[in-house]
Amino acid sequence: MQTIDGDSTPGPDGIINLYTELGIPSGTGTWQARPRYAGTLDQSTGNVRTWEFLNATTNITREEYRFELFTAACGNTPAIVADLILGPYAGEAAPPQANGANAEICETDRLDLFETLTQNEFIPAPHLNGRWEYIGSSSGANFKGSFDLNGSTFSAVVPKNDDDRSTDNEIFELRYTVSNTTDCTANSKGETIVKVSVVRQVDPGTGNLIEICEEDITAGNWDTDINLNDDAYLVGEDKEGYWLSELDLTGQLENEQDSIINIREIYDDLIANRGARFGCASYSFTYFVPQRSAVCTERRASVSFQIFEELRPFEQSPGIPELCINQIPSTYDLYNLIDFEDDGTNNFSYNDDNYVSWRQVSGPADLGILTQPNSLSDFIPDYDYHLGTINLNAGVPGSYTFEYAVAPKINCTGANEILDPFVTDSLDLTFDLTPCSVLSTLITIELLPFDYAGENTEDLIFCNTDTSINLVSLLDTNGRDTIVPGGVWRDSIGNPIQNEFVFPVIDSVQRFNFTYTTTTAKSCTDSANLKFAVYKQANAGDGTDITLCSDDLNVTLFDLLTQTPDTIGRWTGPFGYESEDHRGVFDANNTMLPVLGQGTYTYLIEGNEGCPDSDQATVNVTIIDPVPIGEDIFVSYCILDGRVNLYDVLDRQTTRTGVFRDIENTAALSADGVVTFEQLPNPNNEVNKIYNFQYVVPNLAPCDESTLNVEVTIIDLPEPVVPNPQFCILDAKRLDDIEVDVDNFNWYATLESDTPITDNPILLDNDVYYIANVDVDNCESDRVTVTVDILNTGERFANGDICTLEFQDGVSPDNNNQNDTFSLFVEEEFNIPEAFPDFNLQIFNRYGTLVYEADKNTEEFRGESNTSVRLGDDLPSGTYFYIFNPNFDNNLPMQGSFYLAR
């Protein structure tokens, strides 16, 4: 496989042609392979790229690389089936490096052995179904290290050789073998041997942590030079390393060859820079070993020193405090009794809860001091353990001693840990392993007794029917102690109260809060609070009877009660009435309130906690209805109606037992209820004058009399003003042409006529008509007589104008709407057919021949003859003569001429 050159170019490529191998013509059909090998096959040319097959053929996989040729003649059945037997190929070793190995790794790494083999465009990759095996190493039987071969991965550990400062390495020889088949033994390469160089990683050794207490340094135990390469500080390091002086912050190391330091000098610098309260300080010195080969790395190790501040002594403040066993608050902090050292610059107090603890040493009772928990998970949030809080109420009188201790690591806080200074077992996780000593002190207190005043008592209830109570007898006790008499009672503002307490007069429930206090010779006090309530006996007052009119049902029931009733009750009454409060308000004008009904209303006050008896009072309500007479009445009359009987305007259901009152004193109302219009005063001559009268019917008490108002409007229209009507007979005026000073009026033919004139007649001389002013309700004024004056032609108007008739002087029948006819009606001038219904008109030519004759039923002259001589002929242009005879009263005939133009 590794020498095949399918394309005849220089260098192998591993390509074979199936047609050539089988000796059949190219292009015979189409080749197919298994789907996972389809990429290695060119279906049309039959070329197969054998270098892309990962495994060599074994006796088990002889059909793995199978190719089938399909032709048109054979259809879906392959014409040829060919199996490729691929000989084993173990690859080519990579070119050797300077030390003769094909690959080099550090002992901390793991190598994939296939990386020791090479491949390129002329060298295929090895088959992967082979096996790697160990042959030997460069040290042979003297090799003291170890190696691990797992599949194709390899690693080894090379032992240290302190005498040889050259690169410590070991060369390992390994073989890769690919399984063979009987068919391809001669021309296959089934085995390759490679060498791997493994380089030992440098070792800087293991540095130690040295913890030093400040008191050891001040005692002179560290005031000498020490060598960091001593095994007490650094163990197992490669000797070619050196100390990194540039990382030394103390300045003790002068250069890389220097390994000597002095702890006392470091401490003195620490105090000079940070002061006596330095807590703890850490110093590290770094040992460096450079890398021995490019495949391995450099290594470092550190030696550390930690200096701990020593604890300063502390003790109880002078004097033993005396504490009342019942004092408030009941807790007391023992920490406040400790004096800590203070040098004027630093206060050496210790209050970190993670490093201090308390315990009770002696005493007649356990005062419940809370000791430090065993782990952070047991901590109580927001609790200060260092305070040494005790519960005084849990004790009995006597002397008590407590111990307060501090773990020295408290000066080096910041770690998430708990250290108990009382733990002595070094295997306990709360033991302080620091080199400094634990410090502690004893604290003593004295608990004093008190005179028992009882327990707080509340929620006591009494009724004001009692007279007095003994206050001490009301207090609860703890079941063990007896209340000491002789104490002092005071109220909430400090006023003294007698033990035999007399109830005061109260209007409602009253609550009391008193305090009973006892005091011993050593001023230990005790007190108990007493709270009780005194309730008032229910008082609903006395009821009453009340009569109301149904038109005035406004009342507050509570106001009807006497004897100062309580205001905490509620009313019930007829029709399911229940009040919202004690008042029981009824207001007929408020639609949100119920309407008062007749019956008994009960005011009930329930009993209370102290006074369980209830009380009630009743109000009996009687309602009287007034006589119904209806609503106010509004009527209108024309003054010409003359009078009205007000009883006639009342509703038929209204009783006639009442009387009318002349409330405006018009003097026009008779005792029988008749109003005479002529007697009504109207000093301002109002057209629509309103007059008010009242109808009154008496009622039983307490109802007021029933009344309704009758409002009467009298319409008195003014007479119309009509100027003297004078018209020319030629105008043919009608009745509607007479000017009137009012907008609405009626014309009548007689003074007594009931029917107005509606046909608008022609006005004739000396005609007499009667006119009246009229309103929308058909009320009329007095009628006014109007006489018509019609002037005949030739007569003069009152202003001097003459009633005269002047016909036109020309006729031109050319249809231009100007003088087309001999007009007998001219707007605003004359109306011959209306003025002279019996007129006669004759027209003659210049020869005296009659050519046209007309009356009111004849069409106007248009230049045509209507006589028998030239009936229907158009008359020629020229002068014509007319004779007009009015045939009416004293109006004389008229004659004249006109010109007919064609």
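At 12% relative accessibility, Ala732 counts as buried, where buried means under 20% relative accessible area, exposed over 50% and partly exposed in between, for a 1.4 Å probe and protein chains only. Phi of Ala732 is positive, near 50 degrees, in a residue other than glycine. Ala732 belongs to the loop between strand 51 (726-728) and strand 52 (745-748); helices (H or I, at least four residues) and strands (E, at least two) are DSSP runs numbered from the N terminus.

## Basis of the model

This is a predicted model, in which local features need pLDDT of at least 70 and side-chain atom pairs count only at pLDDT 80 or more, while totals for chains, interfaces and linings use all residues. Residues are numbered from 1 along each chain as its sequence is written, and side-chain values use heavy atoms, with hydrogens and water left out.

## Other backbone features in loops

Phe575 also has a positive phi, of about 60 degrees, although it is not a glycine. Phe575 is exposed, with a relative accessible area of 74%, and is found in the loop between strand 40 (570-573) and strand 41 (577-578).

Two cis peptide bonds are described here. One runs from Ile328 to Pro329, with omega near 0 degrees, and Pro329 is placed in the loop between strand 24 (322-324) and strand 25 (331-333). Another runs from Ala701 to Pro702, with omega near 10 degrees; the place of Pro702 is in the loop between strand 49 (688-697) and strand 50 (706-715).

## A buried arginine

Arg200 is buried, with a relative accessible area of 3%. Its place is in the loop between strand 14 (191-199) and strand 15 (206-207). Not counting residues up to four places away in sequence, Arg200 touches Glu107, Val158, Pro159, Lys160, Asn161, Asp168, Asp238, Arg292 and Cys296, contact being heavy atoms within 4.5 Å.

## The largest pocket

The largest pocket holds about 520 Å³ of space. A pocket is an open set of points on a 1 Å grid over the protein atoms alone, where a 1.4 Å probe fits, with protein on both sides within 12 Å along at least five of seven lines; lining residues have an atom within 4 Å of a point. Grid points are joined across faces, edges and corners, and a volume is the space filled by probe spheres set on the points.

The lining of the largest pocket comprises 22 residues, of which Asn326, Asn393, Phe450, Tyr452 and Asp526 lie nearest the centre. Strand 37 (residues 525-535) gives the most to this lining, with 3 residues. By class, the lining has 8 nonpolar, 10 polar and 4 charged residues, with Ala, Val, Leu, Ile, Met, Phe, Trp, Tyr, Cys and Pro counted as nonpolar, Asp, Glu, Lys and Arg as charged, and the others, Gly among them, as polar.

## The second largest pocket

The second largest pocket has about 390 Å³ of space. Its lining is made of 20 residues, and Ile4, Leu84, Ile85, Leu86 and Cys184 lie nearest its centre. Helix 1 (18-22) and strand 5 (80-83) are the elements that give two or more residues to this lining, and the largest share, 3 residues, comes from helix 1. The lining divides into 11 nonpolar, 6 polar and 3 charged residues.

Strand 4 (residues 66-70) and strand 5 are joined in the antiparallel sense over 4 bridges, and Leu69 stands opposite Ile80 in strand 5.

Technical notes:
Two strands pair if DSSP finds at least two bridges between them.
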